[in-house]
Amino acid sequence: MIMAIAAVIHLLVALLLAPLLLGVINRTKAVFAGRRGQPLLQLYADLAKLLRKGAVYSGTTTWVFRAGPLVTLAAVTVSLLVVPFAGVRAVGAFPGDFVLFAYLLAVARFFTVIAALDTGSSFEGMGASREVAFSALAEPALLVGLAALARRAGGASLSDCYEAVRLFDFGPNGGLPLLLIGAAFFVVFLAENARIPFDDPNTHLELTMIHEVMVLDHGGPDLAFVQYAAALKLWVLGALVVGILLPLRTGFVALDFGFGLAAMAVLAVATGCVESTKARVRLTGVPQLLVAATVLAGVGFGLTLR
Amino acid sequence: MIVALVLLPLTAGALAFFLRSDGLRRGLLVATALAHSGLTVAAWLRRPLAELGGWLELDDLELLILAVTSLLFLVAAVYAVGYLRREGRDQREDYTEGFLFVNAPEATFTGCLLLFLGAMTLVIGAQHFGLMWVAVEGTTLASAPLIHFHRHHRSLEAAWKYLVICSVGIAIALLGNFFLVVATSALDDQLGGLTVRALAEHAGQLDPTWLRAAFLLLLVGYGTKMGLAPLHTWLPDAHSEAPSVVSALLSGALLNCAFLAILRLHGVCVAAGQAAFSANLLVGFGLVSMGFAAVFIVGQRDYKRMLAYSSVEHMGIAALGVGLGGAAGFGALLHVVNHSLTKGMLFLIAGNVLAAYRTRSSAEVTGLLRALPASGLLWLAGFLAVTGSPPFGPFLSEFTILRGGLAAQRPVIAVVYLVLLLLVFVGMAMIVPGMAHGETNVARRREPWLAVVPPACLGIGVLILGVYVPRPLADAITRALGALGLS
Amino acid sequence: MILLIASLALLLGGGAAALAASRRDRLRNGIVLGSLVGASLASLPVAIVTIARGESLALQWPWSVPLGSFALGLDPLSAFFLLPILVLAPLAGIYGVGYLRAWQGRKNLGASWFFFNVLVACMMLVVVARNAVLFLVAWEAMALASYALVVFEDERGDVRGAGRTYLVATHLGTGALFVLFVLLGQPAGSLDFADLGAGAGSLSLLFALAVIGFGTKAGFMPLHVWLPEAHPASPSHVSALMSGVMIKTGIYGLLRILMVLGAPPPAWGWTMVAIGATSGVLGVLFALAQHDVKRLLAYHSVENIGIIALGLGVGLLGRSYDQPAMAYLGFAGALLHVANHALFKGLLFLGAGAVAHATHTREIDHLGGLLKRMPWTGTTFLAGSAAISGLPPFNGFVSEFLIFLGALTGAVTLGGAGAAVGAVTTGALGLIGGLAAACFAKAFGIMFLGEPRSRHAADATEVGRSLRVPLVVLAAACLAIGLGAPFVVAGLDSVVVAAAGLPPHDPAGRALAGPPLRMVALGSAVLLALVGALVLARRGLLARRTITTALTWDCGYAAPDRRMQYTAAGFAQPLTSLFRFALRTRREGEPVRGLFPARASLATSTPDPMHREIYEPVFAAVGRLFAKRRWVQGGQTQLYVLYIVLTLLVLLVWELS
Amino acid sequence: MNDWIDAAIALVVLGNLSLLGTSRLVACIRILALQGLLLGLLPLFFHADDLTLRVVLQVTASTISKGIVFPWLLTRAVRGADERREVAPVVGYTPSLLIGGALLGLALWLGGRLPLPGDAESEFLVAVALNTTMVGLFLIIARRMAITQVLGYLAMENGITTFGLVFAEREPLLVEMGIFLDAFMAVFVMGLMVYNINREFRHLDTERLSNLTD
C-alpha cells in the first residue's frame with residue numbers, strides 16, 4: 001500500500017520537478033562559466049508565459065504539425081508510468097514494460113520528427129534527419145542494457161530490474177556489468193535528451209543542432225508542451241541512469257525517496273559538468289559513440305552469462 | 001490390324017505422290033491421320049493379335065507410343081493443311097539471308113509425311129530387331145526430304161547432316177543387331193527369330209559379353225536417332241531448318257520411336273541379368289544429354305534451336321528415368337507422353353511465330369502476346385510446361401523421376417538432375433518470357449484457327465495430364481514396365 | 001470444408017467468368033468483386049470457428065496422379081493463415097477495380113482479374129493442401145499467377161526484368177521444395193502430409209531445404225532479391241496481396257515442415273535468429289536508401305519477414321531448451337506479426353498505389369504536401385507507417401512486443417549461451433525498430449508533408465471511393481488489433497499451441513502473455529486518452545488567443561523555395577553513409593565547384609548489392625562459361641560423326657577391358 | 001581353305017590402308033569395289049562345308065551390288081562433279097595412314113576381346129570386319145568432300161555386311177533384304193543429296209555445309 005502511494009507520489013513529483021532538472025543543469029553550467037545564470041525556476045516561468053500566448057502556424061503545415069507536441073507529451077507522460085524510482089515500483093509495472101517504455105519514447109520522437117518535416121523547412125528537415133539516425137542507434141544500446149538488467153534480476157519489468165540493483169554489489173552479476181550498463185545508459189541519456197556532446201541545447205547555429213532545430217516553428221502552448229515533454233524525458237531517462245549508478249537503498253521508503261531526488265540532482269549537476277567541460281563531438285563521431293554504448297551494453301550482457 | 005496400321009499410311013503416301021489436286025491430297029492427309037487414329041483407338045479398346053509370326057505385335061508399351069504418335073500426327077496433319085495453304089509454291093524470300101527459293105512440290109511433302117508415319121508405325125509395331133532396324137532406317141529416309149522442304153542451302157545442309165549422322169548411327173545399330181545374333185549362338189534353333197519376346201524368354205542363355213557389346217552398339221546407334229548427347233548433333237540443325245510441322249513430328253514422335261527400340265533391348269538386358277550395366281549407361285547418357293542441353297539452352301539465340309536442345313534434354317530425362325528404374329521408370333514413360341504433346345505444341349507455335357515475325361532470333365521477337373495473343377499465351381504455357389512447372393504434365397513426370405532417383409538411393413544423380421532442370425529453366429526463362437511480353441512492330445492479326453486450334457488441343461492435353469493422369473494411361477505404363485521387367 | 005471448397009470453386013469460376021466478360025467492364029468488375037467477397041464471406045466463419053474451437057477438419061478425395069491425393073485439411077494453423085488472405089483479398093479487389101480503371105480498354109483486364117482470382121484461390125489451396133503434390137501444384141500455380149500479375153505492364157522493360165527475376169527465383173526455390181518433399185515422403189512411401197516423416201537422412205538437411213525453399217518465397221536475406229524487383233513492378237493491389245499475404249505462405253510452409261520434423265536442435269533456432277536479424281536489419285537499411293516508394297515498401301517486407309523469423313527463432317530455441325513460455329511467446333509474436341504485416345503492408349502498398357495513381361510517380365523526391373491534397377490516403381498512410389514502425393497503439397507493436405518478451409524470457413530463464421538470444425534479439429529488434437521509424441518518417445514526411453516538390457504532386461487530388469474504403473478499413477483494423485491485443489492473442493491460442501508444438505491447452509505461455517498484453521493495451525488506451533485530453537486542453541488555451549498563419553520560419557533567409565526542402569535521399573543520408581559498407585550506394589553527379597558554383601547535381605541509387613554483386617556475376621559467369629562451350633556444335637559433319645565414333649569406341653573399350 | 005581366307009583378309013586390310021592413302025576419287029571407288037568383291041566372296045570360303053543356296057544367293061547379290069552397281073553409280077556421280085581429287089582432307093594422308101595402323105591394332109584387340117562362341121578360326125575376321133567399319137567411319141570424319149564421305153559410308157557398310165554374312169547367317173532372309181535395301185537406299189538417297197549439293201553449291205566440299213552452328 002505504501003509502495004503504491006509512493007509510486008503515485010513519484011508520478012506527481014516527476015511531473016512537478018522535471019523542469020527543475022533543467023534549471024539545475026543550467027545553473028551548474030553558469031557556475032562553471034562564472035556567470036550568475038538564470039533562476040532555477042526559469043523554465044516554469046517560460047512555460048507559464050507560453051501557455052498564455054496565442055499561436056502562429058506556417059501555411060505549409062497540416063494537423064500533423066499541431067499533433068506533434070501533443071503526442072510527444074502524451075507518450076512521454078505515459079512512459080513515466082512504468083519507470084521505477086528510488087526502489088519504488090512503478091504504477092504500471094509489468095513484464096516487458098521497458099519495451100513499451102522504449103517504444104513510447106519512439107512514438108514521441110516519431111511525431112516530433114514528422115511535425116518538423118511538416119513545416120517544409122530544410123533546417124527542420126536536417127534536424128529530423130539527424131534525430132532519427134542517432135536515436136535508431138541509441139535504441140539497441142538501451143534495450144540490450146535493459147535485457148542484461150532483466151537477466152541478472154530474473155524478471156522482465158523495469159521495476160524488477162531496478163529492484164535488483166544494489167550499491168556496492170560486487171557479486172558476479174554486479175559491479176562491472178552494472179558499471180558498463182550504467183555508462184551505456186548515461187550515453188543514451190545524453191544523446192536522447194540532446195545534451196552535449198551530442199547536441200547543444202543552447203546554440204541556435206543550425207548546422208550543429210538536432211533537437212532544438214526541429215521545434216523552431218512551434219510557438220505558444222505548443223512550444224510549452226514541447227519543452228515540458230523534453231523536461232519529462234530528461235527525468236525518465238535520468239531515473240534509469242540514477243537507478244543503476246546511485247542506487248542508495250535504506251529500506252525506508254521516505255528516506256530512499258529523498259536519496260533518489262538527491263541523486264537526480266547529482267545527475268543534473270554531472271550533466272552540467274559534462275556540458276561545461278566537453279566540446280560537442282563532430283556529427284560523424286556521434287554514431288561511433290552510440291555504437292560504443294551498444295557494445296558496452298552487449299559486453300554487460302555477456303558478463304551476466306557466466 | 002497391325003498390318004493395316006502400317007500399310008494404311010504407306011499406301012496413302014504412295015497415292016499422295018500421284019494425286020494432282022492439292023485439296024484432295026490435303027484431304028487424304030487428314031483422312032489418313034484420322035483413320036490411323038481410329039485404328040489406334042480400336043487397338044486400345046481391343047488388343048490386336050500378333051501378326052507375321054510374332055514379328056508385329058502391339059503390347060502396352062507399343063500402344064502407348066502408338067497413341068502419342070498417332071495423336072500428334074493427327075494434330076500435325078490438321079495444322080499442315082493450314083501450313084500448306086500459307087506456303088504456296090511461288091518464289092519466296094528467305095528470312096535471314098534474303099535470297100529467293102522455292103519449296104519442294106507439295107506432293108513430295110505430303111507423300112513423305114505419310115510414309116514417315118508408316119515407317120514410325122512399323123518401328124512401333126515391329127517386335128523383331130531386324131524389322132525394327134529396317135523401319136528406323138525407313139523413318140530416316142522418309143523424313144530427310146521433309147527437312148529439305150524449303151529448297152535452299154541451309155535446309156539442304158540440315159538434311160545432309162541428318163542423313164549422314166543418322167546413317168552412321170543406323171549402320172552402327174546394324175552391327176549391333178549382328179552382335180545380338182552372335183549373342184544368341186548358344187541357342188541354335190530354339191530361338192525362332194530375333195524377336196523381343198523370344199530374346200527375353202531365352203535371356204539366360206545369351207552370351208553376356210556379346211549382349212553387352214550389342215547393347216552398346218544399339219544404344220549408340222539408336223541413341224543417335226533419339227538425340228542422346230553427344231550423338232544428338234543433327235537435332236538442332238534439322239529442327240531449326242525443317243518446317244515446324246516436321247519439327248513437331250521429329251521431336252514428338254520420331255525420337256520416341258528410337259527410344260522405344262532402346263527400351264526393348266534394355267528389357268532384354270534386364271531379363272538377362274545385365275540390368276545394372278544397361279541401366280547405368282542409360283543414366284549416364286541421360287545426364288550427359290541434360291548437361292549438353294543446358295549448356296546450349298542458356299544463352300541460345302534461336303528459339304527453334306532452343307526447342308531442339310530441349311528435346312535433347314527431355315530424351316535425356318526419359319533415358320535417365322528408365323535407367324533409374326522403379327518410380328523413375330514410371331515417370332520416364334509418362335514423361336515421354338508429356339514431352340511429345342508439349343514439344344509438338346511448342347514447335348507448331350514456333351511455326352506461327354516464324355510466319356508472323358519472319359525471324360528465328362529470339363531477341364528480335366517481342367510482344368507475342370500483343371501480336372498473336374493466342375499463340376503468345378500457348379508459347380508461354382508451353383515454356384512453363386516444358387520446364388516442368390506445375391500444373392502441367394511434365395512436372396508430374398519429372399517430379400516422379402526425382403522421387404525415383406532419391407528412392408533408388410542415388411542422391412547425387414538426383415541432385416545433378418534437379419540442378420540441370422533448374423539450369424534449363426533459367427536458360428529458357430531468359431528467352432521465352434522476353435519474346436512473349438513487350439511491344440512489337442508486328443501488327444496484331446487474326447490468327448487462322450488451323451494454326452491455333454491444333455497446338456491448343458495439345459496444350460489442353462498437357463494441362464490435363466498435369467492435374468489428372470487417366471487410369472488407363474497409368475495402368476498401361478505400369479504393365480509396360482512390368483513387361484520390360486523394370487517395375 | 002464444403003464451404004471452403006465452394007469458395008475455391010467460386011473464385012476459379014469467377015476468374016473464368018471475368019475472362020469471358022473481359023470487355024464488359026461493369027459486368028466483369030461485378031463478377032470479380034462478387035466472387036472475392038463471396039468467397040471471403042463463406043470461408044471466414046469457417047476459419048474463425050476452426051481457430052476458436054481449436055479443432056481440425058479433413059477431407060480426402062482420390063486423385064489420379066502419382067502419389068497425389070486431393071487431401072485438404074483445416075487446422076488452426078491453416079485457418080490462421082487463411083485469415084489474412086480472406087481479409088486482404090476482397091479489399092485489394094475493391095481497390096483494384098478502381099485502380100485498374102485507368103487501363104480500361106487498353107489492356108485485357110479480364111485476364112488480369114482471372115489471374116488475381118487464381119492467385120487468391122491458389123494461396124488458399126496452399127494453406128489447406130495436405131498432400132505434397134497438391135501443395136506443389138498449388139504453390140507453383142500461385143507463383144505463376146502472381147508472375148502473370150507482375151508483368152501486367154509488360155511494355156516497360158524494368159517490369160519484364162522484374163518478372164524474369166521473380167520467375168527464376170521462385171522456381172529455384174521450388175526446386176529445393178521438390179527435394180524436401182520427396183525426402184519427407186520416402187519413409188512412408190506416401191506424399192500425404194499425414195504420412196510425411198524424416199527418414200534416415202539428416203534432419204538438418206531437411207530443415208535447410210525448407211529454409212531455402214520457403215525462404216525464397218518469404219524473402220529471407222539473401223534469397224530476397226526478387227522482392228524489391230517484383231513488388232514495385234506490379235499494380236499496387238497485387239503488390240499488396242503479394243507482399244501482405246503471398247510471401248507469408250513461405251512462413252506457413254516452414255511452420256508446417258517444422259511440425260513434421262519434430263523437436264528442433266538449438267542450431268535451427270539460432271539459424272532463424274541469424275536469418276531474422278540479417279533480413280531485418282539489412283532489409284530496413286536497404287529500404288532507407290530507396291527513393292521509389294514501392295521498392296522501399298518491398299524492402300520493408302524483407303525486414304518484417306526478418307522480424308517474423310526472429311520470432312520463429314526465439315520460439316524454436318524455446319522448444320529446444322524446453323522453455324514452453326519462451327516457445328509460446330516467440331511463435332505467438334511471429335504468427336501475430338504475420339497477420340499484422342498483412343494488414344499494415346497491405347495498407348501501405350494500397351496507399352502508395354493511391355499516391356502513384358494520383359501523381360503518376362513513385363519517386364518520393366518528386367512528391368510532398370500530399371496530406372493536404374489527399375487527406376484520407378495521407379492519414380491512413382500515417383497509421384500504416386506507425387504500425388509498421390512498431391509504435392503503440394498500433395498492431396505492429398503488439399507482435400514485436402511478444403517477440404521481445406519471448407527473447408527476454410529466454411534471457412532470464414536460460415543458462416549460458418542460450419540466453420544470448422535475449423541480447424541478440426532485443427538488440428536487433430531495437431535497431432530494426434529505430435531504423436524503421438526513421439525510414440517511415442522519411443517516407444511519410446517527404447511524400448505527404450511540406451510543400452509539393454513537383455507539378456505531379458501539386459496537381460494531385462484525393463482518389464476515388466473504391467480506393468479509399470480499403471485504406472480506411474485496414475487502418476482501422478491495425479488500430480483495433482493494437483488496442484484489442486489481449487483478446488486477439490487469447491483467441492489465437494490454439495494456433496500458437498499447434499505451431500509451437502506445445503501440448504494443447506498448455507497454460508504457461510498464455511499466463512505469461514496475457515497480463516502484459518493487457519497492460520500494453522491499457523497503456524495504448526491511456527496514450528490515446530491523454531492525447532485527446534491534451535487536444536482539448538490546447539483548444540481551451542487557444543480559445544481566446546489570436547492564431548495567425550505565416551510562412552515557415554526560414555532562419556532569416558529571404559527567398560525560400562520548395563526545392564530547398566529536405567529530400568528523401570538527404571534525410572536518410574546520415575544512416576546510409578554510416579552503413580555504406582553494406583549498401584554500396586552509387587553516387588553520380590557534378591560536385592559543387594568554385595566560389596560561385598553555377599550548377600551542381602547529385603543522384604544516388606542503391607540497387608540491391610546482393611543482386612548486383614552475387615547473383616548477377618554468378619549468372620553471367622555461368623553464361624560465359626557455357627558460351628565458351630559452343631564450339632562443340634561447330635557445324636562440321638565430320639566433327640559430329642567423330643563424337644559418335646569416339647563415344648562408341650570409348651564405351652567399347654571401357655566395356656571390354 | 002584357311003589360306004584363302006587369310007589371303008582375302010590380308011587383301012582387305014591392304015585395301016583399307018590404301019583407301020586411307022589415296023586422294024583420287026576414282027581409285028578409291030575401285031578399291032572399294034575390289035573390297036566389296038572380296039568381302040562378298042568370303043562367306044563362300046567360310047561356309048564351304050555347308051554351302052546352301054541361300055548363302056550362294058546372298059553372296060551373289062552382295063558381290064553384284066557392291067562390286068559392280070554401287071561403284072558404277074558412284075563413278076557417274078564423280079564424273080558429274082568438277083573435282084576428281086580430295087585436295088585438302090581434314091586429316092592429311094600420312095597421319096591417316098598412321099591412324100589406320102592404330103585402328104587396325106584396336107580392331108585386333110577388340111576382336112580378341114570378343115571371342116566368338118565355338119568358332120576359333122574366325123577371330124581375325126571379327127577384327128577385319130571391325131577394322132573396315134572403323135576405316136569407313138574414319139573416312140567420313142577425315143575427308144572433306146561429300147562424295148568421299150559416301151565412300152567412307154560404303155566402306156563401313158562393307159565391314160558390317162561382312163560381319164553379318166559370316167556370323168549372322170542364321171537370321172532369315174528378311175533382314176538381309178533390309179540390309180541390301182538400306183544400303184541401296186543409302187547410296188541412292190545420298191547420291192541424290194550429293195547431286196543436290198553439287199547443284200546448290202557447285203562444289204562437293206562439305207566445308208560449305210557447316211553454316212548451321214550455335
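The legends below describe close-up views of a predicted four-chain model.

In this predicted model, local features need pLDDT of at least 70 and side-chain atom pairs count only at pLDDT 80 or more, while totals for chains, interfaces and linings use all residues. Residues are numbered from 1 along each chain as its sequence is written, and chains are lettered from A and ligands numbered from 1 in the order in which they are written.

**View 1. Helix 1 of chain A is kinked at A:Leu17.** Helices (H or I, at least four residues) and strands (E, at least two) are DSSP runs, numbered from the N terminus. Helix 1 of chain A covers residues 2-33, 32 residues in total. From first C-alpha to last, helix 1 reaches 43 Å, close to the expected 46 Å; the expected span is 1.5 Å times one less than the number of residues. The kink at A:Leu17 is about 45° and lies shortly before the proline A:Pro19; such a bend is the angle between axes fitted to the seven residues ending at a residue and the seven starting there. After helix 1 of chain A comes A:Gly34, with a positive phi near 75°.

**View 2. Chains A and C share the most contacts of the four pairs of chains in contact.** Two residues are in contact if their C-beta atoms, placed from the backbone, lie within 7 Å. Here 70 residues of chain C are in contact with 68 residues of chain A. Among the elements of chain C that each supply at least two residues to this side are helix 16 (395-413), helix 22 (507-542) and strand 3 (547-550). Helix 17 of chain C gives the most, with 15 residues. The side of chain C that touches chain A divides into 45 nonpolar, 20 polar and five charged residues (Ala, Val, Leu, Ile, Met, Phe, Trp, Tyr, Cys and Pro count as nonpolar, Asp, Glu, Lys and Arg as charged, and the others, Gly among them, as polar).

**View 3. Strand 1 of chain A and strand 3 of chain C run parallel.** Four bridges join strand 1 (residues 55-58) of chain A to strand 3 of chain C; two strands pair if DSSP finds at least two bridges between them. A:Ser58 stands opposite C:Ala550.

**View 4. Three strands of chain B form an open antiparallel sheet.** The strand order is 1-2-3. Strand 1 (92-93) and strand 3 (150-151) are the edge strands, each pairing on one side only. Strand 2 (residues 100-103) is joined to strand 3 by two bridges, and B:Val102 has B:Arg151 as its bridge partner. Chain B makes no contact with chain A, and the closest C-alpha atoms of these two chains lie 40 Å apart.

**View 5. Helix 2 and helix 6 of chain D pack at an angle of about 5°.** The axes of helix 2 (residues 25-46) and helix 6 (residues 146-167) lie 9 Å apart; axes are lines fitted to C-alpha atoms, for helices over the stretch in contact, and angles run from 0 to 180 degrees between N-to-C directions. The two helices are therefore roughly parallel (angles under 35 degrees count as roughly parallel, over 145 as roughly antiparallel, 65 to 115 as roughly perpendicular and the rest as oblique). Residues making the contact include D:Leu32, D:Gly36 and D:Leu39 of helix 2 and D:Leu151, D:Ala155 and D:Asn158 of helix 6. By class, this contact has 14 nonpolar, five polar and no charged residues.
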